[in-house]
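Let's take a walk through this model together, starting with its aromatic rings and moving on to its strands. Please keep the viewer open as you read.

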Amino acid sequence: MATTYLSRTPSSNGNQKKFTISAWIKITKLGTQRTVLCGYYGNSNRYTQLWQGTDDKIIFFSGDYSTSATTQAVNLKTTRTLRDTSAWYHLVLVVDTTLATQADRAKLYINGELETWDTGYGSHLLPDLNDEYFINVNTSPLYIGTYDTTSTYFDGLMTHIHLTDGYAYAGSDFGETDSTSGIWKPKTSPSVTYGSNGFFLKMENSGAMGTDSSGQSNTFTVSGTLTQTEDTPSNNFATLNGVYKAAYQPTFSTGNLTATAPNSGEYYPAFSSLGVE
């Protein structure tokens with residue numbers, strides 16, 4: 001997505017204590033910060049963000065909306081790293097701060113498996129009871145693919161992005177194991193309730209990539225040039241390998257489908273992310 005992102009500001013407040021975010025992502029390079037989704041109220045901890053850090057682990061961070069202070073409310077990172085640039089990953093973040101058990105208030109599924117939060121990340125803050133975050137807020141723009149329109153752009157591919165407002169679901173509500181291949185794949189029509197600010201971005205219309213397919217008409221605005229590809233979780237394409245470090249390497253773009261040499265007329269090696277059998 002490079003410097004391209006999608007944005008929408010809700011017209012009314014929704015549920016800031018309970019929501020689910022589901023997204024399929026394919027990363028193109030390692031060791032860089034990249035935002036999946038961010039509810040941005042302002043800097044100094046006044047935001048809620050799901051992103052991948054420079055160590056290639058998934059991070060869930062938020063300040064506390066219910067106070068005017070710029071204090072951290074939740075700060076969690078997975079023990080697992082995502083470093084396979086040839087594969088699609090399915091992320092499902094489930095938040096419900098009304099639950100009695102603190103460890104159940106923020107859960108993350110990757111490809112249907114419940115992940116473990118790393119206790120060594122910063123202050124490692126689990127959600128307090130009835131914490132409110134900057135999701136579903138009518139004064140907080142919701143960004144997909146950027147933190148604040150100027151930084152931590154998602155450099156890679158994304159599709160099938162869901163938000164359920166007021167409903168907590170598991171990874172298996174949005175994905176399932178293919179009975180033939182054994183590979184985790186998306187449910188194209190999941191049986192979920194989206195709520196007033198919920199949405200489902202399939203990104204299937206190249207001329208209207210921000211179109212909401214949830215029935216709630218919560219369509220996003222596209223900023224920049226969002227390029228549609230045929231590389232999807234159900235039809236995984238080989239791309240150029242952005243991890244391979246040659247002495248002379250081109251610049252990759254368009255989800256690692258395009259390689260550009262630094263100087264015109266020169267040739268630089270680029271390798272496939274998938275081998276040939």
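Which residues form one aromatic cluster? They are Y5, Y40, Y47, F61, Y143 and Y147. Before going further, a word on conventions: this is a predicted model, in which local features need pLDDT of at least 70 and side-chain atom pairs count only at pLDDT 80 or more, while totals for chains, interfaces and linings use all residues. Residues are numbered from 1 along each chain as its sequence is written, and side-chain values use heavy atoms, with hydrogens and water left out.

A pair of aromatic rings is described by the distance of the centres and the angle of the planes. Here, rings of Phe, Tyr and Trp (its six-membered ring) pair if their centres lie within 6.5 Å; planes under 30 degrees apart count as stacked, over 60 as edge-to-face and the rest as tilted. By this rule the count is 12 aromatic pairs. One of them joins Y5 and Y143, edge-to-face, with 5.9 Å from centre to centre and 90° between the planes. This pair links distant parts of the chain, 138 residues apart: Y5 belongs to strand β1 (residues 5–8) and Y143 to strand β10 (residues 142–144). Strands are DSSP runs of E with at least two residues, numbered from the N terminus. Y5 counts as buried, at 14% relative accessibility, and Y143 does too, at 11%; buried means under 20% relative accessible area, exposed over 50%, and partly exposed in between (1.4 Å probe, protein chains only).

Now let's turn to strand β4 (residues 47–52). Why is β4 described as largely enclosed by the rest of the structure? Six of its six residues are buried. In a regular strand the side chains alternate between the two faces of the sheet. In β4 both faces are covered, with Y47, Q49 and W51 buried on one side and T48, L50 and Q52 buried on the other.

What are the neighbours in pairing? Two strands pair if DSSP finds at least two bridges between them. Strand β3 (residues 34–40) pairs with β4 in the antiparallel sense over six bridges, and W51 in β4 is the bridge partner of T35. Six residues lie between the strands of this β3 and β4 hairpin, where S44 takes a positive phi near 55°. β4 also pairs with β5 in the antiparallel sense, over five bridges. There, Q49 stands opposite F61 in β5. The hairpin of β4 and β5 has four residues between the strands, and D56 in the turn has a positive phi of about 70°.
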